[in-house]
Amino acid sequence: MPDPATALIDKHGRHIDYVRLSLTDRCDFRCVYCMAEEMTFLPRKQILSLEEIYKVASAFTELGVNKIRLTGGEPLVRNNVMSLIQDIGQLPGLDELLLTTNGSQLEKLSSPLRDAGVNRINISLDSLNAEKFKKMTRTGKLEQVLKGVETAVASGFDSIRLNTVVLRGINDDEIVDLLEYAMGLGISIAYIEEMPLGNINDHQREDTMFSNEEVMAIISEHYALSPIEMITAGPSRYYQVEGSASKVGFISPVSHNFCESCNRVRVTVEGRLLLCLGNEYSTDLRQLLRDQPENSELLKQSIVEAMDIKPLRHYFYDEEQPQIVRFMNMTGG
Ligand code: SAM
Ligand code: SF4
């Protein structure tokens, strides 16, 4: 039985205590930066069952992981997802259960999620203009998401953060409006640089790339931001909006590389343990889960061994590295 204090330390000395689990590749939205307009989703037998996902979550917590984020695709559109979330919420050793969602189901599910032990949620929101929101999500309804955000605020999560992917010429004119919306609700917001994951057909990513330095410069014209020391071990930096409860995060996977302190891995809904967002290094856990469904020791062993292939860093927009064809909904953001 591997020692949970040391089991998940990779070859570069990084301790993995955070896992992002993708609960589905499907989604009720088709955000232009995340998916192509026509998407083919995985056949049912290729995706992990709820029970298999639970086994994976359980193995990780037994190996010392204390933080799990549930994501997708849209995690809340998976059938019977609440029963899985309730079960994961009970896992011994888990300190934080987090969720990333597009908000479409939050009016209905905020309260059950809180009761299931979800501490913090990130809600994607790229525009406050109904028409633009529709254009960016292709199928989303702004009003439904805003109701979801407001219900979540009333449900007493430890923290709520909006996630905004900024695209030049599309929603860069709403940077301050979105911040003020968050400030009005007493929640935080993070601006995310678009990553080149998957071949999309809506725009050329090089044309819409909007750096977080530019976002920061725009906000600084309106509000004073003071840096906060937050150990997130990810590609994000946080600032307090002076005179407000809201924090502003900048997630810069493209312009910054924080890989030396990376503490996380991802498991796709196909059961692929991805060691890095921007690389294809992975281990197939599904085969193992299906060949030996009762062998939790073997599952843990395979996770431990995978630590050896966690790469030191990722490379986006590097001509010497292969282009990632995996879409974000397959990756688990
Ligand atoms: N459906 C949920 C949502 O939208 O929040 C969870 C999954 S989504 C893939 C997770 C996060 O990834 C969202 O905040 C989304 O905006 C972001 N995202 C998707 N595609 C991206 C891309 N190409 N570059 C940067 N962020 C992206
Ligand atoms: Fe769906 Fe989230 Fe991707 Fe948008 S970003 S298409 S909501 S998975």
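The model is a predicted one, where local features need pLDDT of at least 70, side-chain atom pairs count only at pLDDT 80 or more, and totals for chains, interfaces and linings use all residues. Residues are numbered from 1 along each chain as its sequence is written, chains are lettered from A and ligands numbered from 1 in the order in which they are written, and side-chain values use heavy atoms, with hydrogens and water left out.

Three aromatic pairs turn up in the structure; rings of Phe, Tyr and Trp (its six-membered ring) pair if their centres lie within 6.5 Å, and planes under 30 degrees apart count as stacked, over 60 as edge-to-face and the rest as tilted. One of them joins Phe29 and Phe133 edge-to-face, at 6.0 Å centre to centre with 90° between the planes. Phe29 sits in the loop between β1 and α1 and Phe133 in helix α4 (residues 130-137), so this pair ties together parts 104 residues apart in sequence (helices, H or I, are DSSP runs of at least four residues and strands, E, of at least two, numbered from the N terminus). Phe29 is buried at 4% relative accessibility, and Phe133 is buried at 2%; buried means under 20% relative accessible area, exposed over 50%, and partly exposed in between, with a 1.4 Å probe and protein chains only.

Tyr191 and Phe250 make a stacked pair, 6.1 Å centre to centre and 25° between the planes. Together with Tyr239, Tyr191 and Phe250 form one aromatic cluster.

Phe29 also shows up around ligand 2, alongside residues including Cys27, Arg30 and Asn102 (a residue is near a molecule if one of its heavy atoms lies within 4 Å of it).
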